[in-house]
Amino acid sequence: MLLGRLNVSRSVVQRLWDQYQSEDSVSRRPVPGRPRSTTPAEDRFLALSARRRRTTTVPQLVADHFQASGRRISATTVRNRLHNAGLYARRPVVCVPLNGRQRRNRLCWAREHVSWTQQQWASVLFTDESDL
């Protein structure tokens with residue numbers, strides 16, 4: 001029996017057949033649920049705003065959205081929309097800013113030591129101290 005091989009019940013097949021006969025289609029209907037608080041265009045606006053100003057915060061994006069559309073949305077909604085767009089909150093890496101001379105010195109040092117063997121590196125002691 002075909003129904004057994006497809007692992008679907010007779011009622012499912014009957015419902016799909018009835019839908020095809022009445023609508024010439026068996027596409028899924030929209031499911032009911034809570035209406036979205038933002039439109040796809042507003043989702044793109046939020047993602048674009050976050051990409052353009054990388055240092056902006058979620059409350060600032062909420063305020064920008066309210067100013068642009070006149071409707072209030074929650075910070076959670078903004079975070080969800082940004083997550084859907086592949087944007088996540090990240091803390092910036094804390095590092096010492098280097099000037100041009102310091103960068104050149106580091107590059108020169110690295111080039112001098114690139115071919116060192118493991119035995120040569122064994123006599124080197126690294127610390128986390130810096131000379132600022």
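Which residues is His65 in contact with, leaving aside its neighbours within four places in sequence? The list is Thr38, Glu42, Phe45, Leu46, Gly70, Arg71 and Ile73, where contact means heavy atoms within 4.5 Å. This is a predicted model, so local features need pLDDT of at least 70 and side-chain atom pairs count only at pLDDT 80 or more, while totals for chains, interfaces and linings use all residues. Residues are numbered from 1 along each chain as its sequence is written, and side-chain values use heavy atoms, with hydrogens and water left out.

- His65 is found in helix 4; helices here are DSSP runs (H or I, at least four residues), numbered from the N terminus.
- With a relative accessible area of 1%, His65 is buried. The cut-offs are under 20% for buried, over 50% for exposed and partly exposed in between, using a 1.4 Å probe and protein chains only.
- Ser49 is found in helix 3, and its 11% relative accessibility makes it count as buried too.
- Setting aside residues up to four places away in sequence, Ser49 touches Thr56 and Leu61.

**How helix 5 packs**

- Two packed helices are described by the angle between their axes and the distance between the axes. Here the axes are lines fitted to C-alpha atoms over the stretch in contact, and angles run from 0 to 180 degrees between N-to-C directions.
- Helix 4 (residues 58–69) and helix 5 (residues 75–84) have axes that come within 9 Å and cross at roughly 100°.
- That angle makes helix 4 roughly perpendicular to helix 5.
- On the helix 4 side, the contact is made by Val58, Leu61 and Val62; helix 5 brings Ala75, Val78, Arg79 and Leu82.
- Sorted by class, that contact has six nonpolar, no polar and one charged residues. Ala, Val, Leu, Ile, Met, Phe, Trp, Tyr, Cys and Pro count as nonpolar, Asp, Glu, Lys and Arg as charged, and the others, Gly among them, as polar.
- Helix 3 (residues 40–52) also packs with helix 5, at an angle of about 80° and with the axes 9 Å apart.
- Helix 3 is therefore roughly perpendicular to helix 5.
- Asp43, Leu46, Ala47 and Ala50 of helix 3 meet Val78, Arg81 and Leu82 of helix 5.
- The class count for helix 3 with helix 5 is five nonpolar, no polar and two charged residues.

**Helix 2 and what follows**

- Helix 2 (residues 10–23) has 14 residues, which should span 20 Å at 1.5 Å a residue; its end C-alpha atoms are 20 Å apart, so the two agree. The expected span is 1.5 Å times one less than the number of residues.
- Just after helix 2, Asp24 takes a positive phi of about 55°.

- Leu6 lies in helix 1 (residues 2–6) and counts as exposed at 52% relative accessibility.
- Between Leu6 and Glu112 there are 68 Å, C-alpha to C-alpha, and they sit 106 residues apart along the chain.
- Arg91 is in the loop between helix 5 and helix 6 (100–113), and is exposed with a relative accessible area of 80%.
- Arg91 and Gln19 are 72 residues apart in sequence, with 52 Å between their C-alpha atoms.

**Cysteines**

- Taking a disulfide as a pair of cysteine sulfur atoms within 2.5 Å, the count comes to zero.
- Cys95 counts as exposed at 58% relative accessibility, whereas Cys108 is partly exposed with a relative accessible area of 40%.

Note on methods
Helix = DSSP H or I, 4+ residues; strand = E, 2+ residues; numbered from the N terminus. Parallel < 35°, antiparallel > 145°, perpendicular 65-115°, else oblique.
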